[in-house]
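I am opening a notebook on a structure that is new to me. The entries below record what I looked up, in the order I looked.

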Amino acid sequence: QLKEQSHVELSGTIKCNGDGCNAPMVMRVVPFLESKPGDPPPSGDLGGILTTKTITGLGTYNILVPKLKTPVVLELLVDTNEDGLPSSGERLAVLEQCGKIVPSKDLSNLNLDCSDKTIEGPMGGPLSPDEPPPPEQE
């Protein structure tokens with residue numbers, strides 16, 4: 001359907017090491033939603049999924065998306081149970097580049113890595129400099 005509309009092509013490589021990397025993968029392109037600390041949660045129409053593609057095999061990929069002037073996010077699910085939806089225990093790689101992926105033209109080198117990773121440090125990463133310091137622990 002997208003081939004008949006104004007569209008662009010996003011491309012890059014997919015890397016995956018670990019259990020389940022031979023499973024089908026589902027790539028979704030969704031709108032980038034920026035929020036700052038203290039902002040209320042978004043409401044209304046969030047735009048939903050712009051396009052989805054099932055990908056088999058690692059290496060290079062390409063996906064057609066509507067031509068837009070607003071930023072998008074790429075999500076890549078290692079779909080080990082093959083239901084097309086994120087499930088507990090499945091890996092998901094997200095590429096957002098701080099809202100700099102704008103599909104107004106063909107874009108390349110959008111690389112995703114779904115490899116097993118060891119999470120280090122606090123969940124959620126370091127505290128935001130915009131947030132007050134946490135209360136002292138006793």
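**Entry 1: an aspartate in a loop**

Which residues does D79 touch, not counting residues up to four places away in sequence? I work from a predicted model here. I found A23, P24, M25, V26, G84, L85 and E90 in contact with D79. I then looked up where D79 sits, and found it in the loop between strand 5 (72-78) and strand 6 (92-95).

Does D79 count as buried or exposed? I have D79 down as buried, yet without a salt bridge. I noted R28 as the nearest side chain of opposite charge, 11 Å away. I did find that the D79 side chain reaches the backbone nitrogen of G84 at 2.7 Å.

M25 was on the contact list of D79, so I turned to strand 2 (residues 25-31).

How many residues of strand 2 are buried? I noted five of its seven residues as buried, and the strand as mostly covered. I then checked its partners. Strand 2 runs antiparallel to strand 3 (residues 51-55), and five bridges join the two. Strand 2 also runs antiparallel to strand 5, here with seven bridges. M25 shows up in both pairings: M25 stands opposite I55 in strand 3 and opposite V78 in strand 5.

I went back to the loop between strand 5 and strand 6, where I located D83. D83 counts as partly exposed because its relative accessibility is 39%. The side chain of D83 makes a polar contact with the side chain of S87, at 3.5 Å. How far apart are D83 and P24 in sequence and in space? I noted 59 residues in sequence and 9.9 Å from C-alpha to C-alpha.

E82 lies in that loop between strand 5 and strand 6 as well. I recorded E82 as exposed, because its relative accessible area is 58%.

**Entry 2: backbone angles**

Most residues other than glycine have a negative phi. I found Q97 in the loop between strand 6 and strand 7. Q97 is partly exposed, because its relative accessible area is 37%.

In what order do the three strands of the open sheet lie? I wrote down 4-1-7, with mixed pairing. The edge strands are strand 4 (59-66) and strand 7 (112-113), and each pairs on one side only. Strand 1 (residues 7-15) pairs with strand 4 in the antiparallel sense, over eight bridges. In that pairing I noted L10 opposite I63 in strand 4.

**Entry 3: the chain as a whole**

How many helices and strands does the protein chain have? I counted zero helices and seven strands, so the pattern along the sequence reads β-β-β-β-β-β-β. Of the 138 residues in the chain, 30% are buried. I looked up the contacts with a separation of 6 or more, and residues 24 or more positions apart account for 71% of them. The chain exposes about 9,600 Å², of which carbon and sulfur atoms supply 50%.

Methods. Residues are numbered from 1 along each chain as its sequence is written. This is a predicted model: local features need pLDDT of at least 70, side-chain atom pairs count only at pLDDT 80 or more; totals for chains, interfaces and linings use all residues. Side-chain values use heavy atoms; hydrogens and water are left out. Helices (H or I, at least four residues) and strands (E, at least two) are DSSP runs, numbered from the N terminus. Buried means under 20% relative accessible area, exposed over 50%, partly exposed in between (1.4 Å probe, protein chains only). Lys and Arg count as positive and Asp and Glu as negative; His and the chain ends are not counted. A salt bridge is a side-chain nitrogen of Lys or Arg within 4 Å of a carboxyl oxygen of Asp or Glu. A polar contact is a pair of N or O atoms within 3.5 Å; within protein, one must be able to donate a hydrogen and the other to accept it, and residues adjacent in sequence count only if both atoms are side-chain atoms. Contact means heavy atoms within 4.5 Å. Accessible areas come from the Shrake-Rupley method with a 1.4 Å probe; for residues, only the protein chains shown count as cover. Two strands pair if DSSP finds at least two bridges between them.
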